[in-house]
Amino acid sequence: MIDVVDDKTRSRIMATIRSRNTGPEVRLRKSLHAKGLRFRIHARKMPGKPDLVFPKYRAVCFVHGCFWHQHEGCQYATVPASRTEYWLSKFESNRVRDTANIRDLVNLGWRVAIVWECDLKKGKFEETVTNVTEWVRGSEELFASDSRKFVNLD
């Protein structure tokens, strides 16, 4: 499929896509703060620059976009019809990088949570916030906001 916009327009559109302070991330932060959790955001010196760092609980949280991180089985994890090979390669490198960052954080003694963008939409938001809050205050090492298997760290 041919792109419907020229290269310059596509570049401008792609440049507006944010990696930090996304809508789902900000909504989650506000809700967790309202529940009394205190955190730092985007810790640059930590592997993967976690979106939320809870130093008191030695826990970190990543808010993953379903498209960019290819949330398995999710309706939002589509593959563009144009330049499919490029996108599949991009998604695979994201997956490899995510796994390495999680492994590094666990090896440094941090607990890691992945919260998927689709779990922060209407209907699931409150349940997800409650589950994340309980996880942060608990002792489980790994957490994923969906019921699917967590990333394989082997």
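Predicted model: local features only at pLDDT ≥ 70, side-chain atom pairs only at ≥ 80, totals over all residues.
Residues are numbered from 1 along each chain as its sequence is written, and side-chain values use heavy atoms, with hydrogens and water left out.

Now for the overall layout. The chain has four helices and five strands, arranged along the sequence as α-α-β-β-β-α-β-α-β. These elements are DSSP runs, numbered from the N terminus: helices are H or I with at least four residues, strands E with at least two. Of the 154 residues in the chain, 38% are buried; buried means under 20% relative accessible area, exposed over 50% and partly exposed in between, using a 1.4 Å probe and protein chains only. Contact means heavy atoms within 4.5 Å. Among the contacts in the chain with a separation of 6 or more, 57% are between residues 24 or more positions apart.

Back to the aromatic rings, then. The pairing rule gives a count of eight aromatic pairs. One of them joins F39 and F54 edge-to-face, at 5.7 Å centre to centre and with 70° between the planes. This pair links distant parts of the chain, 15 residues apart: F39 sits in the loop between α2 and β1 (40–41), and F54 in strand β2 (residues 52–54). F39 counts as buried because its relative accessibility is 16%, and F54 is buried too, with a relative accessible area of 0%. Another pair, W68 with W87, is tilted, with 5.7 Å centre to centre and 55° between the planes. W68 lies in the loop between β3 (59–64) and α3 (84–107), while W87 is in helix α3, 19 residues apart. W68 is partly exposed, at a relative accessible area of 27%, whereas W87 is buried at 11%.

Stay with helix α3 for a moment and find R97, which is also located there. At 40% relative accessibility, R97 is partly exposed.

Next, turn to two other helices. The axes of α2 (residues 23–34) and α4 (residues 125–137) come within 10 Å and cross at roughly 60°, so α2 is oblique to α4. Angles under 35 degrees count as roughly parallel, over 145 as roughly antiparallel, 65 to 115 as roughly perpendicular and the rest as oblique. Axes are lines fitted to C-alpha atoms, for helices over the stretch in contact, and angles run from 0 to 180 degrees between N-to-C directions. On the α2 side the contact is made by R27, L28, S31 and L32, and on the α4 side by F125, V129, V132 and T133.

Finally, look at T128, which has its place in helix α4. T128 is buried, with a relative accessible area of 5%. Leaving aside neighbours within four places in sequence, T128 is in contact with V115, D119, L120 and S145.

Definitions and conventions: Phe/Tyr/Trp six-rings, centres within 6.5 Å; stacked < 30°, edge-to-face > 60°.
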